[in-house]
Amino acid sequence: MKKIIFSLILSVFSTVAFSQGLAPGSALPTAVFYKTDGNAYSTSQIAKGKKPY
């Protein structure tokens, strides 16, 4: 019974630890996407500091 409770507690804490997102102000990972016309679009072309919506 102790093993089951310990496993449950461990899985809850590990899920919470790994589910955190990027911290505000942290850098966006570099990635390249291709538009339907074949032109490349990189994450470095995204405007910084403003939300698109």
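**Serine 42 and its surroundings**

Visitor: Which residue's backbone oxygen lies 3.5 Å from a polar atom of the side chain of Ser 42?

Guide: The backbone oxygen belongs to Ala 31. This is a predicted model.

Visitor: What makes the link between the side chains of Ser 42 and Ser 44 a polar contact?

Guide: The distance between these two side chains is given as 3.2 Å. A polar contact needs a pair of N or O atoms within 3.5 Å, one able to donate a hydrogen and the other to accept it. The pair formed by Ser 42 and Ser 44 is therefore called a polar contact.

Visitor: Why is Ser 42 called buried?

Guide: The relative accessibility of Ser 42 is 16%. Buried means under 20%, so Ser 42 counts as buried.

Visitor: Where is Ser 42 placed, and which residues does Ser 42 contact once neighbours within four places in sequence are left aside?

Guide: Ser 42 is part of strand 2. With those neighbours set aside, Ser 42 is in contact with Thr 30, Ala 31 and Val 32.

Visitor: How do you know whether Thr 43 is buried or exposed?

Guide: Thr 43 has 10% relative accessibility. The cut-off for buried is under 20%, so Thr 43 counts as buried. Thr 43 sits in the segment after strand 2, which covers 40-42. Not counting residues up to four places away in sequence, Thr 43 touches Leu 28, Pro 29, Thr 30, Ala 31 and Phe 33.

Visitor: How much of the protein chain is buried?

Guide: Buried residues account for 4% of the 53 residues. The protein chain exposes about 5400 Å², with 67% of that supplied by carbon and sulfur atoms.

Visitor: Why is Ile 9 called partly exposed?

Guide: Ile 9 has a relative accessibility of 44%. Buried is under 20% and exposed is over 50%, so a value in between makes Ile 9 partly exposed. Ile 9 lies in helix 1, residues 2-18.

Visitor: What is the pattern of elements along the sequence, and which of them has the lowest mean pLDDT?

Guide: The pattern is α-β-β, from one helix and two strands. Helix 1 has the lowest mean pLDDT, 80, and strand 1 (residues 32-34) the highest, 90. The protein chain averages 78, and 75% of the residues score at least 70.

Note on methods
Residues are numbered from 1 along each chain as its sequence is written. Side-chain values use heavy atoms; hydrogens and water are left out. Buried means under 20% relative accessible area, exposed over 50%, partly exposed in between (1.4 Å probe, protein chains only). Contact means heavy atoms within 4.5 Å. Accessible areas come from the Shrake-Rupley method with a 1.4 Å probe; for residues, only the protein chains shown count as cover. pLDDT is the predictor's confidence in each residue, from 0 to 100.
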